[in-house]
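This report looks at aromatic rings and at charges placed over them. The structure is shown first.

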Amino acid sequence: MALTLHYHPLSSYCWKALLGLYEKELDFEKVIVDLGDPDSREKFADLWPIAKMPVLEDDDRAIPESTIILEYLDQRFPGTSPLISSEPDVALKVRLADRFYDNYIHTPMQKIVADRIRPADHKDAYGVQEARKLLALACGLVNRDMDERRWAVGGVFSLADCAAAPALFYANEVMPLGEEYPHVLAYLERLKTRPSFGRVLSEAEPYFAMFPR
C-alpha cells in the first residue's frame, strides 16, 4: 500500500481530503501540483485528464474528487476513524450534508474568489451577487441547524465536517460571518480546534498571501 495525494496546500477541496487522511492517521506522500507550471500540469493531467485537485493515488489506481476520495478511504481502511456511519439513515444525512456544504457554500464561495482574480473587463458582478445570495441563504440554514449540534450531523465528526471546514473557513474570508451567523461562527471555531484541521491550517499558512483579497 502506497498512498500519494496530489494537491495544493491552499486548495479548499484538497483541505477536505487532507482532513480525512489526518483523521484516519494514514501514512501518505504529498505531491504539490502547480497548475501554472506546464510540466507540473502535464504530469497531473496524465494522472487525471480533468486536472482538478485533489487526486489520490493508491499504488496504480487514481481516485479523483474529494468526496469520492474520502468514501474510498472509508472502504479501503474500515478500521480507522469512520467518516460515514454504518447506519443507513445516518449515512444518508452525512452524505446530504456533504453535498450541501459543497454545492451551496463551497461553490458560491469559489465563485466570489474566482471573480477577484478575473481581468477587470471580465468581471461578473451579477454572478457574484447571486453567489452571495446563495451563500447567505446556506449560512442561514447552517446557523439554524448548528444551534444545538456540535458537528454537522449529530455528535460524531464525519465526512460532512470534512466538507464544512474548508467551505466555512473561506466563506468567512469573503463574507465575514460576524454577528449574523453566530452558530456558524462557533462551529467554525470548533472545527479549527480539531487537530486534523489545525494541521491543515498550519501547513497552508505559508501560502495564505496568495489568497486574493
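The text below covers ring pairs, then charge contacts with rings.

The model is predicted. Aromatic pairs in it number 12, counting rings of Phe, Tyr and Trp whose centres lie within 6.5 Å. One of these pairs is formed by Trp15 and Phe169, with 5.2 Å centre to centre and 65° between the planes, an edge-to-face arrangement. This pair links distant parts of the chain: Trp15 belongs to helix 1 (residues 12–23) and Phe169 to helix 6 (residues 159–174), 154 residues apart. Trp15 and Phe169 are both buried.

Trp15 also pairs with Phe197; the ring centres are 5.9 Å apart and the planes stand at 70°, so this pair is edge-to-face. Because Trp15 lies in helix 1 and Phe197 in helix 8 (residues 195–204), the pair ties together parts that are 182 residues apart in sequence.

How do the accessibilities of the Trp15 ring partners bear on burial? Trp15 has 0% relative accessibility and therefore counts as buried. Phe197, at 1% relative accessibility, counts as buried too, because buried means under 20%.

Ring pairs extend into a cluster that links Trp15, Phe169, Tyr170, Phe197, Phe208 and Phe211.

Arg194 takes part in another kind of contact, in which its charged end sits over the ring of Trp151 and over the ring of Phe157. The distances are listed here.

| Charged residue | Ring | Distance from ring centre |
|---|---|---|
| Arg194 | Trp151 | 5.3 Å |
| Arg194 | Phe157 | 4.2 Å |

Technical notes:
Residues numbered from 1 in each chain as written. Predicted model: local features only at pLDDT ≥ 70, side-chain atom pairs only at ≥ 80, totals over all residues. Heavy atoms only, no water. Phe/Tyr/Trp six-rings, centres within 6.5 Å; stacked < 30°, edge-to-face > 60°. Helix = DSSP H or I, 4+ residues; strand = E, 2+ residues; numbered from the N terminus. Buried < 20%, exposed > 50% of the residue type's maximum accessible area, 1.4 Å probe, protein only. Lys NZ or Arg CZ within 6 Å of the ring centre and 35° of its normal.
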